[in-house]
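Colleague: Hi! Could you walk me through this one while I have it open on my screen?

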Amino acid sequence: MIHILVVDDSENIRKLMTAYLLPAGYHVFAASDGLEALDILEKEHIDLMIADIMMPNMDGYTLTEELRTSNYNFPILMVTAKESF
């Protein structure tokens, strides 16, 4: 089974993504920010992460940088409601 970590500060977005991914056969973990995601990653094997860019405590950019410098090499999809970069 493929394990997906959804990281978003919006509870509604986390629930929506989980509602779509679970019936498709994925095992879903959810975190409300980058720090919570790092806690999950210490305990669980993750195959794919879907992360919001703008989050409190640790944003998606910082989380991605931390993961890459820590040799995590799974794919990361970044999502955002941000209008410009």
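Modeller: Happy to. Let's begin at threonine 18, which touches Pro23 and Val28, leaving out residues up to four places away in sequence. Keep in mind that this is a predicted model.

Colleague: Where is threonine 18 found?

Modeller: Threonine 18 is in helix H1.

Colleague: And does threonine 18 count as buried or exposed?

Modeller: Buried: its relative accessibility is 19%, and the cut-off for buried is under 20%.

Colleague: Which other residues of H1 are buried?

Modeller: Along with Thr18, the buried residues of H1 are Arg14, Met17 and Leu21. They cover an arc of only 100° around the axis, which puts them on the same side of H1.

Colleague: Why would residues a few places apart point the same way?

Modeller: An α-helix has 3.6 residues a turn, so residues three or four places apart point the same way.

Colleague: Nice. What do the buried residues of H1 pack against?

Modeller: Strands E1, E2, E3 and E4. The face of H1 turned away from that buried side carries exposed residues, namely Asn12, Lys15 and Tyr20.

Colleague: On to the strands, then. In what order do they sit in the sheet?

Modeller: The sheet is open and has four strands, in the order E2-E1-E3-E4, with parallel pairing. E2 and strand E4 (76–79) are at the edges with a single partner strand each, so one side of each has no neighbour in the sheet.

Colleague: By how much are neighbouring strands turned against each other?

Modeller: By 15° on average, with direction ignored.

Colleague: How many bridges join E1 to E2?

Modeller: Five bridges, and the two strands run parallel.

Colleague: How many residues of E1 are buried?

Modeller: Four of the five, so E1 is largely enclosed by the rest of the structure.

Colleague: Changing topic: which residues of H2 are buried?

Modeller: In helix H2 (residues 34–43), they are Gly34, Ala37, Leu38, Ile40 and Leu41. Their arc around the axis is only 160°, which puts them on the same side of H2. Glu42 and Lys43 are exposed on the other side of H2.

Colleague: What do those buried residues of H2 pack against?

Modeller: Strand E1 (3–7), strand E2 (27–31) and helix H3 (60–69). H2 lies across E1 and E2, and it runs at about 140° to E2.

Colleague: Which residue caps the N-terminal end of H2?

Modeller: Aspartate 33 does, with a side-chain oxygen 3.0 Å from the backbone nitrogen of leucine 35. The side chain of aspartate 33 also makes a polar contact of 2.7 Å with the side chain of asparagine 57.

Colleague: Where is asparagine 57 found?

Modeller: In the loop between E3 and H3. Asparagine 57 counts as exposed, at 63% relative accessibility. Setting aside neighbours within four places in sequence, it is in contact with Asp33 and Leu35.

Colleague: What does isoleucine 46 touch?

Modeller: Leaving out residues up to four places away in sequence, isoleucine 46 touches His3, Leu5, Phe29, Leu41 and Phe74.

Colleague: Great, thanks!

Notes
Residues numbered from 1 in each chain as written. Predicted model: local features only at pLDDT ≥ 70, side-chain atom pairs only at ≥ 80, totals over all residues. Heavy atoms only, no water. Buried < 20%, exposed > 50% of the residue type's maximum accessible area, 1.4 Å probe, protein only. Arc of directions from axis to C-beta. Contact = heavy atoms within 4.5 Å. Polar contact = N/O pair within 3.5 Å; in protein donor to acceptor, adjacent residues only side chain to side chain. Pairing = 2+ DSSP bridges. Axes fitted to C-alpha atoms, helices over the stretch in contact; angles between N-to-C directions.
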